[in-house]
Amino acid sequence: MPIIPATRDDGIRVVTVDYPPVNALPVAAWHDLAEAITEAGRDERTHVVVLRAEGRGFNAGVDIKEMQETSGFHALLGANRGCYRAFKAVYECPVPVVAAVQGFCLGGGVGLVGNADTIIASDDAYFGVPEVDRGALGAATHLARLVPPHLMRTLYYTSRTITAEQLLTHGSVLEVVPRAELDEAALRVAAEIAAKDPRVIRAAKEALNGIDPVDVNHSYRFEQGFTFELNLAGVADEHRDRFVEQGG
């Protein structure tokens, strides 16, 4: 099972993504992740969620190979709906979500951590949205929560990545630690939150979401419309085929 939830006695729910080789999630796994996060928040015993991953990197986005091996638009529609549900589940989780990020965090990975409440990263972590290179659009909404507007545009247009150390200077990453200490650091912050009155923390999460200047769910859905346009025009398919041919 690629999505593994585990409940701890201290009120911390750990949700682990484990989908080798690079945590590029197929359609079903995005929906499974959304369900795991939603169920965690629904459980009153959960005070905080830690979202982590096994393997070389945190998340490599959607499984493009699955998309190209599936006839029609079923995989594309499934991936878009799955990502939307997963990102929305993280954002709307009634309790704070702490993301523990190692290695690469790309595309859909940025969608997840951009909607999280706190980000702890290993010193080899880097973040990026390579959608332009894939003939698609999306997750600019979430990248914009990590960096200032002009930097976000540059990263988006160029498909450049940005390191955890650089994000630390922007205040979007709380701590950067050696990879071996990542889980411990994330759990330490989660434990600090879990020790608070959960009634107050749940109210605080709802209140903070209510004062956000951008409706992230609507904003991301708007972006996805342009992905559909590019796909119908044949542009996205060209780029995805090239990615698969290059062994991506």
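1. Start with the helix pair α1 and α3. In this predicted model, the axes of α1 and α3 come within 8 Å and cross at roughly 20°. Angles under 35 degrees count as roughly parallel, so α1 and α3 are roughly parallel to each other. The crossing has a hand as well: it is left-handed.

2. Now look along α1 itself. Helix α1 covers residues 27-42, and Glu-39 lies in it. Is Glu-39 buried, exposed or partly exposed? Its relative accessibility is 37%, so Glu-39 counts as partly exposed. Find Pro-5 next. Glu-39 and Pro-5 are 34 residues apart in sequence, yet their C-alpha atoms are 9.6 Å apart in space.

3. Next, the aromatic rings. How many aromatic pairs does the structure hold? There are 3. One of them joins Phe-87 and Tyr-220. Their ring centres are 5.0 Å apart, with 55° between the planes, and the pair is tilted. This pair links distant parts of the chain. Phe-87 sits in helix α3 (residues 74-92), Tyr-220 sits in helix α10 (residues 216-232), and 133 residues separate them.

4. The cut-off behind both calls is under 20%. Trp-30 belongs in this picture as well: Trp-30, Phe-87 and Tyr-220 form one aromatic cluster.

5. Another pair lies within helix α10. Phe-222 and Phe-226 are 4 residues apart there, about one turn of the helix. Their rings are edge-to-face, at 5.3 Å centre to centre and 70° between the planes. Check the accessibility of each partner. Phe-222 is at 53%, so Phe-222 counts as exposed. Phe-226 is at 33%, so Phe-226 counts as partly exposed.

6. One ring has a charged neighbour. Which residue lies over the face of Tyr-84? That residue is Arg-221, at 5.0 Å from the ring centre.

7. The peptide bond from Pro-20 to Pro-21 is cis, with omega near 5°. Asn-23 lies in the loop between β2 and α1 as well. Phi of Asn-23 is near 55°, a positive value in a residue other than glycine. Why do these two places deserve a second look? Because most residues other than glycine have a negative phi, and most peptide bonds are trans. Asn-23 has a relative accessibility of 2%, so Asn-23 counts as buried.

8. A positive phi also turns up at Ser-159. Its value is near 60°, and Ser-159 is not a glycine. Where does Ser-159 lie? Look in the loop between α6 (149-158) and β8 (161-163). Ser-159 is buried, because its relative accessible area is 14%.

9. Last, the confidence. The mean pLDDT of the protein chain is 94, and 99% of its residues reach 70 or more. Where is confidence lowest, and where is it highest? Helix α11 (residues 235-245) is lowest, at a mean of 77. Strand β4 (residues 97-101) is highest, at 99.

Methods. Residues are numbered from 1 along each chain as its sequence is written. This is a predicted model: local features need pLDDT of at least 70, side-chain atom pairs count only at pLDDT 80 or more; totals for chains, interfaces and linings use all residues. Side-chain values use heavy atoms; hydrogens and water are left out. Helices (H or I, at least four residues) and strands (E, at least two) are DSSP runs, numbered from the N terminus. Buried means under 20% relative accessible area, exposed over 50%, partly exposed in between (1.4 Å probe, protein chains only). pLDDT is the predictor's confidence in each residue, from 0 to 100. Rings of Phe, Tyr and Trp (its six-membered ring) pair if their centres lie within 6.5 Å; planes under 30 degrees apart count as stacked, over 60 as edge-to-face and the rest as tilted. A charge sits over a ring if NZ of Lys or CZ of Arg is within 6 Å of the ring centre and within 35 degrees of the ring normal. Axes are lines fitted to C-alpha atoms, for helices over the stretch in contact, and angles run from 0 to 180 degrees between N-to-C directions. Angles under 35 degrees count as roughly parallel, over 145 as roughly antiparallel, 65 to 115 as roughly perpendicular and the rest as oblique. A crossing is left-handed if the near helix is turned anticlockwise from the far one by less than a right angle, and right-handed if clockwise.
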